[in-house]
Amino acid sequence: MTQPPDDAETRRAVPPVICYPTATLPRPDLPLYRAARAGAMKVAERLIPPRDARCFEVAAGQFFRITSVQGPQVGDLNLWNARDLSERFYSGKTRALHGTHLSTGDRMWSTFPALRPMATIVADTLDWYGIDSFGGAVHDVIGTRCDPYTGRLLSGTAYHNCCHSNLTRALATLRGLPLAEAESHVHDVLNVFMCTGFTRDTGQYFMKASPVRPGDYLEFFAEIDLLGALSACPGGDCSAEHSSDAAACHPLLVEVFAPAPGALDSWTPPPVNGYDRSHGL
Ligand SMILES: [Zn+2]
């Protein structure tokens with residue numbers, strides 16, 4: 001290891017600066033959303049089988065809720081613009097804007113060049129959890145999604161019910177796409193209910209048993225017309241291992257709610273980002 005310089009401690013003592021102060025981020029009108037939700041009616045529901053995924057559609061201005069049923073279970077969520085699959089959830093930028101884990105008031109942002117909120121979290125029954133003594137918290141945007149390629153790399157296996165494959169099959173089935181094309185649309189997820197962090201000593205990504213219990217939910221307001229896909233991860237509550245059939249797994253419930261007519265008359269979907277895309281040329 002390199003010999004530390006004489007002023008090493010001084011350099012380490014420099015205080016951090018927040019990369020993206022959020023004071024100028026467009027704020028969601030949560031009171032308006034809550035008022036609209038109070039008069040909303042359920043219009044659809046979908047049960048996601050364990051170790052599998054299903055797609056669901058949510059129109060702009062509707063709400064969707066992901067609920068734990070039967071037993072502790074984490075879910076891997078993908079979102080696309082329902083009219084243009086090239087606009088999809090951007091985990092990395094969402095992390096840069098809101099931090100490693102999401103909760104009420106945070107938004108799921110879309111890829112360039114749109115970079116706009118796709119969905120806003122309006123309710124989170126696990127918001128009490130905070131950050132535990134290990135540095136763990138729930139609903140992360142630091143993981144990717146369990147996948148057969150990493151399993152092959154690390155242990156030589158070929159497990160077909162990882163979230164990546166589940167999401168790929170679900171999208172291919174719904175849209176009638178060849179598997180390879182559907183796979184190219186699958187992206188890094190919001191890890192719903194998953195409890196994760198980075199170890200303090202080695203900086204490694206860790207998971208631990210999710211605090212989610214049946215009845216817990218995470219609810220979103222759809223800012224644009226959305227196509228969603230949710231995988232009930234083969235890791236179950238992610239207390240031990242994923243990418244295998246070893247963990248106890250449970251279904252997840254997705255419900256869609258439509259506000260009463262007129263409830264959102266003062267609201268319009270967010271426009272795409274205003275940058276002119278000339279990139280200095
Ligand atoms: Zn998974």
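## Basis of the model

Residues are numbered from 1 along each chain as its sequence is written. Because the model is predicted, local features need pLDDT of at least 70 and side-chain atom pairs count only at pLDDT 80 or more, while totals for chains, interfaces and linings use all residues.

## Annotated domain

An unreviewed UniProt entry places the feature "domain: DUF1989" at residues 48-227, in the numbering used here, with a shortened feature name and an annotation that may be inferred rather than shown by experiment. The end C-alpha atoms of this span lie 15 Å apart, and the span is 20% helix and 34% strand; helices (H or I, at least four residues) and strands (E, at least two) are DSSP runs numbered from the N terminus.

S11 pairs with strand S3 (residues 63-68) in the antiparallel sense over five bridges, where pairing requires at least two DSSP bridges. Here Arg 65 stands opposite Glu 219, and Thr 67 faces Tyr 217. Strand S7 (residues 117-124) also runs antiparallel to S11, joined by five bridges, with Asp 124 opposite Leu 218.

## The sheet

Six strands form an open sheet with antiparallel pairing, in the order S1-S13-S3-S11-S7-S6. Its edges are strand S1 (41-48) and strand S6 (107-109), each of which pairs on one side only.
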